Amino acid sequence: MTAQPSTPDLSTTPVATLKGVGPKLAEKLANIHIHTVLDLLFHLPLRYQDRTRITPIAALRHGLEGVIEGEVMGSAVVFGKRRSLLVKVQDRTGILSLRFFHFSAAQKNALVDGVRIRCFGEGRWGKSGLELYHPEYEIISGSTKALDENLTPIYPTTDGLHQARLRAMAEQALSLLEKSQALPDLLPEALSNELQFISLAEALRYLHRPPVDAVLSQLQDGTHPAQSRLAFEELLANYLCLRRLREQANQHSAPAFNGTDKLATALMASLPFALTKAQQRVGQEIARDMARPTPMLRLVQGDVGSGKTLVAVIAALQAVEHGYQAAIMAPTEILAEQHYLNLDTLLRPLGLNVAYLSGKIKGKAREEVMQNMSSGQAQIIVGTHALFQDEVAFAKLGLIVVDEQHRFGVHQRLALREKGNQDNSYPHQLIMTATPIPRTLTMSAYADLDCSIIDELPPGRTPINTILSQDTRRAEIIDRIHAACREGKQAYWVCTLIEESEALQAQAAEATYAELQDALQDIKIGLIHGRQKPKDKADIMQAFKAGNIQLLIATTVIEVGVDVPNASLMVIENPERLGLAQLHQLRGRVGRGSQESHCVLLYKTPLSDVAKQRLSIMRQSNDGFFIAEEDLKIRGPGEVLGTRQTGIMEFKLADLLRDAHLQPKIKLWSEQIRTHQPELIEPLIKRWLAGSEQYGHV
Ligand code: ADP
Ligand code: MG
């Protein structure tokens, strides 16, 4: 199993050893979590383009990509909202237009009548019929390149890292893979035989460079056998790791909290409502765990608005009552700040000290918070992941709550566990998620956790009215938003591109922002996306909360936890590109106040039948668990998306929902391996879960 000294171990070979990868590029790669050659091999294409043949113009459709070849039949600069260069191209079967919003004089002069060109782009219905926006093109001459031999991979990328660069690097990595033992197969032979798996190396080669006859739809869906082969191994490694983690946690000790619930009782007495039955039940499950001298590892799943925060606070009070501290961690500054303000209001009257720490808090204020944390004066500390940086010390941490953790894979769990370790006593841990996944998946995804479910909403909620609308009715929807905002309502407009990089998402939101500013000049419009500075984001959220922004254009950054009760309208663009769990989360940003809320799913036509069916589930139900189950049922051919995009768990290649059918075999084989071939566990975990500094503690 161990690699010979002469063959490089790809899992430890830095990408910087590849030709043409200097420190700058290595840094960019690190941004997308590529450190080693193996990381690069695991960085699989997001999608593929078929540039192996020419598509007749008549066969190109709206939303389809293709290579076309034809003759320029006239070009003109047209003046609409934006100036553009429109170039007509004709082949034997039809005619279409290329549209360029940015173009040079040289470009314009080159694209004249009679010139033959080859273009690649996505067809769109535009003013002049079928159009290609900014296609890649080349003028056909004697030296025109041959068409691609394989399907062309499109990799997920980051700013300033071009596809061509990624392709060239992947090419080098693939040639290293040819060396024998560069990436040994770790699966038991019997397993590979039974499931008819090809080798890991073969699977990777196939997915980076699929042959022309590969079934593109299967690849796009992630259901190709080569993809399943990889997903299986990753999920297996993950499961083995979680099992081991749990066994280890059971050996650790933790403070036992056997309290009187004095503080919790006082808190409840101060609230205008009682706990729901589900909150009570889950509260008891947590209390029971925390009364034991081993660390609690519990996951609470509860739909958006089911009142998870209160359950977490009650657990925190249990720790505080025993003279311990509780840390509550939220995934974003926006959410952390919101929690802090809420908790401070709730708990200050009980004489408790709530502190707040985020990356945004600097200088003296930061020192002060840290001082309060290490002296034990701060009893409940709310914050972002800044809470768990090395220089932060707690006096006596008894409970860690992780709220709405969006990406909370094994790496994050490991990091967290180690942080609270003091004198070999570990804090209890509570993880809250509003992204329900079907029960069967919960068991494997969270094999290290016990699970509680809050399956009831507090009384008196008005369900959100969800509407499906084609994007051809965009103008009408904009009018409706306009009217609502003029009545004093607030709205979100969510741009949801699944694209190669965050930069493109931000760009899309910016374009919509410009468009809506133009269309709705008397409305105060704001823009929020992941590429803004934390402070800018917080300011914008604050302005929206305060009502100084009426319409907020956003990317999916607002997905989790944001609570602005006056916002009662939401438009989600391209909802078909998101998983239902994520849509449900997004939609949960409205319906938080007393007025009736509406959510418009503005989809792009044409929509596949399965996509239609999926979106109509959103219209039928406001129940996250129901939605998750249904999503799993109808997930079928033609569906690209799953948990990978929703981020329930962070896997390199696998997707919990898409690969759900593998679960029974994974459990079975992991038990086999645990009993008969335990020596495989370490290398498997290392291959799939290493690269995190916490790995050493596994
Ligand atoms: P989530 O589960 O999405 O985190 P929150 O904890 O933010 O939900 O709760 C949503 C809202 O419901 C809050 O305003 C909270 O005060 C309220 N709430 C929580 N529990 C109850 C209850 N038992 N009865 C009425 N309202 C409740
Ligand atoms: Mg919450």
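Alanine 567 is buried, with a relative accessible area of 0% (buried means under 20% relative accessible area, using a 1.4 Å probe and protein chains only). Keep in mind that this is a predicted model, where local features need pLDDT of at least 70, side-chain atom pairs count only at pLDDT 80 or more, and totals for chains, interfaces and linings use all residues. Residues are numbered from 1 along each chain as its sequence is written, ligands are numbered from 1 in the order written, and side-chain values use heavy atoms, leaving out hydrogens and water.

- Alanine 567 sits in strand β20, residues 567-573 (strands are DSSP runs of E, at least two residues, and helices are runs of H or I, at least four, numbered from the N terminus).

**Helix α6**
- In α6 (residues 200-208), Leu200, Ala201, Ala203, Leu204, Leu207 and His208 are buried.
- Those residues are on the same side of α6 because they cover an arc of only 165° around the axis (taken from the directions from the helix axis to the C-beta atoms).

**Around ligand 1**
- Ligand 1 has 16 residues around it, with Ala274, Gly305, Lys308, Thr309 and Arg461 the closest (a residue counts if one of its heavy atoms lies within 4 Å).
- A nitrogen atom of ligand 1 is 2.8 Å from a polar backbone atom of alanine 274.
- An oxygen atom of ligand 1 lies 2.6 Å from a backbone N or O atom of glycine 305.
- For serine 306, a backbone N or O atom is 3.3 Å from an oxygen atom of ligand 1.

**The second largest pocket**
- Some 45 residues line this pocket, and Gly305, Ser306, Gly307, Arg461 and Arg592 lie nearest its centre (on a 1 Å grid over the protein atoms alone, a pocket is an open set of points where a 1.4 Å probe fits, with protein on both sides within 12 Å along at least five of seven lines; lining residues have an atom within 4 Å of a point).
- Helix α12 gives the most to the lining, with 7 residues.

Conventions. Buried < 20%, exposed > 50% of the residue type's maximum accessible area, 1.4 Å probe, protein only. Polar contact = N/O pair within 3.5 Å; in protein donor to acceptor, adjacent residues only side chain to side chain.
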